[in-house]
Amino acid sequence: MPQRAPTQEALVVLRHGETFIKGANRREFERVLRNNIQRAIAPLGPSNIRGGQGRFYVNVSGDGQLRALERLRRVFGISSVSPAIETMPDVDAIAASAVAALRELVSRQRVRSFKVETKRSDKRFPYTSPEVSRDVGAAIVKALDLPVDLHTPQVMVGVEIGMRCTFVFVERVAGAGGLPVGSTGHVALLLSGGIDSPVAGWLAQKRGCSLRAIYFHAPPHTSQRAQDKVEQLARCLAPQQGGLQLHVVRFTAIQEQIRDHAPANMLVVLYRRTMMRIAELIAAAHGCPVLVTGESLGQVASQTLENMVCIQDATRLPILRPLLSYDKQETIRLARHIGTFDVSIEPYDDCCSLFVPKHPSTRVQPKRAQRAEARLDLAAQIEAAARDAQLVEI
Amino acid sequence: MTRSADRVVYLDNAATSPASADVIQGMVSALTKTFGNPSSRHCLGLLAEKAVRGARASVAQRFDVPPRQVLFTSGGTEALALAIWGIAKRHKRTGQVLVSAVEHAAVLKTVEMVKRLGHEVVTVPVCPGGWVEPSAIQRAMTDRTFLVCVMHVNNEIGIEQPVAAIAQTVKRHSPRCSVLVDTIQSFGVLDTSLGLLGADFAVASAHKLHGPKGVGALAMRSNVQLEGLWGGGSQEQGIRPGTENVPAIVGFGIAAKAGRGDAEQLKMACHTLVQPLIEAVSGAYVVGDAARLAPHIVAVAVPGRRSAVVVNALSDLGICVSSGSACSGRRSERSHVLEALGIPREHGVIRLSPSRFHTSDELQQAASVIAETTAGL
């Protein structure tokens, strides 16, 4: 990192995503986002977070700027992140900081041209934005001998002179986008060990939902390693919301009863309907108004439109399917991006892949499913399974 | 729920085994007292060198070779690779390697890799009893065959191969052809004398006989020269350079002296475990030719049950058994050994490998739980 004058301080500037346009709810969104930012950088030591005008400013101590940047660009609700230098609201100080920032960039990469763009929201500042840009640009040309290009500059040198903070930056990296986790509600995610459901959970988080996960475990048909794998997947999602509660439901007896007494071609749909009922009970007990699954339209036999309707028929809670329109490759790409893919492909069965018939029906009518269930009499077992689910704090 | 390790009945010693108290004591001493580098000139270096020398002598004794003909490695896999690569690189013309169809992946995958040198690899099938007939080796051999790999006791099904007869066949056909015997499962239970087996090379791994993980050995006939896999110091005659893992080698020495256990006692333990299971599960049978079964490993086929489900169910009850080789047990693919024997896919297979540390009460209780649980699945 470049040596800075005492008036310069390392800063990370975070630009809000959609939270900025949320009108009356803005304050609440900002409160949640501030908490999430705080949580994301807490492991790096003490920091100072200020907010205002669609921005958060995070002062980081020592050489923590890069590490803070890495963590903050994964926080939902932030559209872009810039490493910046905070400086005094003084043209010379601003120019010195801009030269320092650009010099540091030049040491890492070739800079062909630049342009200075100033935003002055503090109207008490005695110079206009074009004046500041001109003076700072001149200082850069003098110090670094770099060409100015006002139309298609390779590097944009940003100067912002605000009521709370004056800073300079030369880089802008994309943030995670979306809405702050916890700002739109709490949902119950049906989490298996597969590729899809963790991605669905991540997408729900992206739209501001905090997750509660439910995993259906069928020992001895599924091993302890299968549960460990799900816990590992939950661990990938937990940091976004500062911990996650995983409910492990014992599904063996119910699944065996369905397998032994229901028509083979309906088995998967009946398993899924039963899972939804158990999930509904857990969700209701914890204030989750919706269920989230990793289903994608047409991906497997239980995920046809007809079967989705049949599965939805089993619960009063809406089932959200963030991956509905995703191709498998798109899901895999996201799974790699969020770090769940390598865990998901570990070869342990989950209970959805057990006792699956060779030719499952792709069109189970809700009435047929209801008739089959009437013969099974699972109500008491469903309640017990929800009640006795093991709670794992991730 | 994951069970605490001290409340399980561990019947998977073919995968790995708990270190014995003597081994632990010896290793602690090597870590804290004789911790020197054997190559150092000072007194602690000398003490460490002596400790390694003692361990080498006790391992060599099991192979019935002079200590100089034993090299320590990081384990069985490395010992096999050292032998296979060493022999293959020494053989300047392109030739042929024969392997039995039931070898461990450490052999099968490594011989696949030596194909890069231009050699051909031929897999010799086993008979339905699970062993390689010497005549099958004879049929497969050509003038170009320079290495035959055959394991002494199969790790998945416990079948003992007629190694001596195979070696005889090989040498009769081609005296210069090397015979590599994987004695990892038999070391410390059966006689693994190189002379008796007719082997040019044999390997062992300490953790199969209550020694530590991370140490193995390659035993060689006196007249063979091997090229190492990497360069370095002059340790292990320069063939396997690197500072010796003294604590593990010391542990290996102690374990080799004690052995895996009395063969009769282990055979009895296997019998105690298997009999109720065969009686309880309709159609259950011992895999392979019972007359060729080693005393300490047995595999039982249970029709209509999935191996993994039986293993999970027993694990939940505190009994550790295996569904085949631990090196592939986490994958759901069918074992190549069971495929080679033609065991139907619908027949789950449970491997039981007790140790010398069980009481007979413990074995009997475990046997009835195994039988009842498996029958109930």
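Two residues are in contact when heavy atoms of theirs lie within 4.5 Å. The model is a predicted one, in which local features need pLDDT of at least 70 and side-chain atom pairs count only at pLDDT 80 or more, while totals for chains, interfaces and linings use all residues. Residues are numbered from 1 along each chain as its sequence is written, chains are lettered from A and ligands numbered from 1 in the order in which they are written, and side-chain values use heavy atoms, with hydrogens and water left out.

L82(B) sits in helix 3 (residues 76-90) of chain B; helices (H or I, at least four residues) and strands (E, at least two) are DSSP runs, numbered from the N terminus. L82(B) has a relative accessible area of 1% and is therefore buried. Buried here means under 20% relative accessible area, exposed means over 50%, and partly exposed lies in between, with a 1.4 Å probe and protein chains only.

Chain A can be described as a whole. Its secondary structure comes to 13 helices and 14 strands, and its C-alpha trace spans about 85 × 35 × 35 Å along the principal axes. Of the 394 residues in chain A, 54% are buried. Among the contacts in chain A with a separation of 6 or more, 79% are between residues 24 or more positions apart. The accessible surface of this chain is about 18000 Å², and carbon and sulfur atoms hold 52% of that area. Such areas come from the Shrake-Rupley method with a 1.4 Å probe, and for residues only the protein chains shown count as cover.

Next come the nonpolar cores. In soluble globular proteins, nonpolar side chains tend to be buried together. A nonpolar core is a set of buried Ala, Val, Leu, Ile, Met, Phe, Trp, Tyr and Cys residues joined through side-chain atoms within 4.5 Å. The largest core has 60 residues, and those touching the most other members are V59(B), F63(B), F72(B), I137(B), F252(B) and V287(B). Helix 8 (residues 246-258) of chain B gives the largest share of this core, 7 residues. Not counting residues up to four places away in sequence, V59(B) touches V70(B), F72(B), F187(B), A217(B), F252(B) and A256(B). Another core, of 35 residues, lies apart from the largest one and has L317(A), A372(A), I382(A) and A385(A) among its members.

Charged side chains also pair up. Over all chains the structure holds 31 salt bridges, each being a side-chain nitrogen of Lys or Arg within 4 Å of a carboxyl oxygen of Asp or Glu. R108(A) and E171(A) form one, at 2.9 Å from N to O. This pair links distant parts of the chain, 63 residues apart: R108(A) is in helix 3 (residues 91-108) of chain A, and E171(A) is in the loop between strand 7 (166-169) and strand 8 (173-177) of chain A. R108(A) is partly exposed at 46%, and E171(A) is partly exposed at 25% relative accessibility. The side chains of R124(A) and D122(A) form a salt bridge at 2.9 Å, N to O. Here R124(A) is exposed, with a relative accessible area of 62%, whereas D122(A) is buried, at 8%.

In the salt bridge between R273(A) and E373(A), the closest N and O atoms are 2.8 Å apart. Their positions are 100 residues apart, R273(A) in helix 8 (residues 267-285) and E373(A) in helix 12 (residues 366-376) of chain A. Both R273(A) and E373(A) are buried. Together with R277(A) and D313(A), these two residues are linked in a network of salt bridges.

H152(B) lies in the loop between strand 5 (145-151) and helix 6 (163-173) and is buried, with a relative accessible area of 3%. S193(B) is in the loop between strand 6 (178-182) and helix 7 (194-197), and S193(B) is buried at 8% relative accessibility. Leaving aside neighbours within four places in sequence, S193(B) is in contact with R62(B), F63(B) and D64(B).
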